[in-house]
Each structure stands twice: as C-alpha cells, then as structure tokens.
Amino acid sequence: MMKYRQLAISNSRDLLFGIAPKPLRTRRGLHIGGGVVYPELNFTLPAMDVTAATMPEVARHYRDIITGALKRAVELEAPGVVIEFETVPPMTSTPAYGLELANILLDAMNDTHVKHGLPSVLRMTPNDNREFARPPLMRHGEHWERMQELFEGAAKAGAELLSIESVGGKELHDEALLQCDIGQVIYAMCSLGVRDMAFLWDRLNEIARRHGAVCAGDTACGFGNTAMVLAEQRMIPRVFAAVVRAVSAVRSLVAYEHGAVGPGKDCGYENPFLKAITGYPMAMEGKTAACAHLSPLGNIAAVYADTWSNESVQNIKLLGGMAPTCYMEQLIYDCRLMNRALAEGRESALTLRRWLVESDAGLDPQAWVLRPESVIAVAQAIVDAPDYYRAGVAAARAALVELKTGHASGALKLEARETAFFDRIEAQLDDLPDNEPEFIEAQKQVVDAGKYLPAEYGV
C-alpha cells in the first residue's frame, strides 16, 4: 500500500524554490530546502573510452574538472555546492574505476573546504547497468552485484547523497511511448517500476544506514525525459509526453517510501509532484541542462529547485574556460537570483516564481502540467488513490483535465493535431480494468513477453 495519504504541501502558493517542509542538513552544513538554493554541478568526460589503459587520462579529467569548478565557486562566493558524480557504464561495471574517481572528487572537496571554507556534498549516482542483460535481470546477476559494490564503496568513502536513474520497466516503456499506449506506460512504471523501486531502495537504504549516508532520490529520466525528447523530435505528441510525466511521479515516489529524503535527483522533472507529496527538497534542472538535452521547461523547472543543476556537461574547452567551470558559474548566478528573491521576502520570491511559470507554461503542455496549480492537482490525485496502479491512472486523468482546461481557456497553446490525442488517451484510460491483478493479466497478454522477465518484478 502507498505510504503517503495526504500532501505535505497542499497550497500551490507554498511551492517555492529553496524552501521545503522537510529540509536536509548535510555534514558540512548545507541546509538544502532550508531557505537557500545551491548549485549542483554534474559533468562527464569528452568522447572517450574508459578502460584500464585510459584510466590515468580519465582521472586527470576528473581532477581538472573538480579543481576548476571549485575554484570558480570560491571566487564567486557560492554559499555551498553540490557535486554529482554520475558514472558512465564502465565505472559501474568495474567499481574500482568509479571509486578511484569518487575519491578524487572527495579529496578536492575536502581540501577546498579546509582552505577556503566552501561547504560541499557529493551525490553519487552509479549508472544502472542492469538493463544491459537482455531481458534485464533486476534482482541478481553481475550488473546488480557490481552496482551494489560501487554504492557501498562510495558511501564508505564519504559520498553522502546516494541516487540513481533506475531502469525497472524501461524495457517495455520505450515501445509504449512509440505506440502512445498509456496502458503499457502505466504497466511499465506503476506495476513493474514500483516493484523494482521498492526492491532497489530497500537495499540502498541498508547501505546508507551502514555508512551514515543519505538516500537522496531516484528519477524517471529514462521514462519521462525519453518521452520529452521524443516529443521535441515530433515523434510522439507533446500532450502524451505531458501525461507520461505525471504518471512518472508515481514510480519515483516509491524511493521516498523506502528511505529517500531528498534532494530528489536533478533530471526528475516529476520532482515538483514529489515535493508537494513528501515535503522533501528537490534538485531541478532547466535551461542550464541544454548541454545534455533540449526541453520546453527551461524556466518553470526552477520554481521547485532546492538545488539547481545543469544535468551533465562534457569536459571540453569553451572560450570562457572548461565547460564544467563555465556551467558552475552559470548555476551560481541563477542561484544568486533566486536567493536574492528569497532574501527580500515571500512576495518577492512569489513574483519571481510567477515570471518563471508564466514564461513557459502556456507554450507547451509539458510545462503546463508543471504549473503549481497543476502540480497540486496531480499530486492530490496520486495520494487519493488506493494503490500505485490506480494512482497512475488517476495521475494521467488529472493531467488530462489540467491540459484540457488550460486549452479551453485559451491559456495553453496547442496545435490541432495535439488536441486530437485528448480523446484517444481518455478512451485508453476508460478501457483499463478497475483493479491491478486484472490489469496485470491483461497486460501480459499484449506486451512482448520476450522483452522482460515478470518474475524479476514479482508479478
């Protein structure tokens, strides 16, 4: 059964950057969600292989990245920084690689704190390699063991925030997107995905407790962001991607029901719904994530940011300097603006919030469902539902209501071919069974049985 039965934030005016009902205090004193928005820098390598032969060069890249980024943070007097180490697959499949690089980052962060007083915290995000087995093995096997080993080693070394972009259910969800099949979307995320999340986060919580680390949060990036990218490429309707985003909140919520306390991971654009439901702080990304992917959510995403991230930028040379250093500067300036608004009081912060919302919301349905009023409506539908399956259906219906109402009022701009999908999505929802056991049996008859192993999800 679902843990959350009511909203932590029920008034849309209380959804605001830098403030969460349940803030997180880190070892070095960052108060995430406690009234300050912190920059969260995410970075990766330029195009290169990661092997035993290239590891010295890989290590040099990470040493240069963290040195340059922290130096700029000190120069710009950042109040603190979050550093995310999001591994690429070889760094998870060979945990020694990931641990070597994590220690490089931690050593530099500690040195900067000692010399300059800059507080920082490391978010460790191993790549979920379980999908590399076909069909995926979710609960055993080499990929699962190596991933646990990396989490354990990183937490022991001092990585305080544990996160992941987990992939349970993705093997069916990709096809569901291309077919615009909302039933299969719900099966992938709210039947398979939630079961995998419960299994995964119970184990991550055990690791965190052993080492005094924090379960931060998951993200439905491989689900909701895949839909967003496909919509940007006009391969699927934007209204369908918007509904998928609402449904994805049900899946990501499970992390918080099994020990996560935030900040939710940056690429989870479902985090606004989770902030309303749980009250925990959230990382967000928007315009500063254009280095990794394009989106229609560049400003509105910042409304909910307790840390403000750039997604992931390669360590390449730009005119101003190395890209991670440049992005650290951009993040710091964005955070300065939000923090200045907070410092001037609630009304000033709400004015900035209004500008961030209104600059995006009417131009794309994916932004419209992230309006504070829409967030509360979808979040309320989720907590009112008796189980995850019906929460997924309820989230989809609530998102549809918000989109149809916004379009009918003239506030939401939509092309005619987009509005045609309202009835199609609604008809699909109307055809779904009333209970999950019947739903699961029906889905088993229509999905490609060769793509997944139901037993790996306990169904």
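Both Trp144 and Phe199 are buried, where buried means under 20% relative accessible area, exposed over 50% and partly exposed in between, with a 1.4 Å probe and protein chains only. This is a predicted model: local features need pLDDT of at least 70, side-chain atom pairs count only at pLDDT 80 or more, and totals for chains, interfaces and linings use all residues. Residues are numbered from 1 along each chain as its sequence is written, and side-chain values use heavy atoms, with hydrogens and water left out.

Rings of Phe, Tyr and Trp (its six-membered ring) pair if their centres lie within 6.5 Å; planes under 30 degrees apart count as stacked, over 60 as edge-to-face and the rest as tilted. By this rule there are 7 aromatic pairs. Two of them are set out here.

| Pair | Type | Centre to centre | Between the planes |
|---|---|---|---|
| Trp144 and Phe199 | tilted | 5.1 Å | 40° |
| Tyr256 and Tyr280 | stacked | 6.0 Å | 25° |

Trp144 lies in helix H4 (residues 142-157) and Phe199 in helix H6 (residues 182-211), so their pair ties together parts 55 residues apart in sequence. Helices (H or I, at least four residues) and strands (E, at least two) are DSSP runs, numbered from the N terminus.

Tyr256 belongs to helix H8 (residues 238-257), while Tyr280 lies in the loop between helix H9 (271-278) and strand E8 (283-285), so this pair ties together parts 24 residues apart in sequence. Tyr256 is buried, at 2% relative accessible area. Tyr280 is buried too, at 13%.

The charged end of Lys22 sits over the ring of Tyr280, 4.9 Å from its centre. Such a charge has NZ of Lys or CZ of Arg within 6 Å of the ring centre and within 35 degrees of the ring normal.
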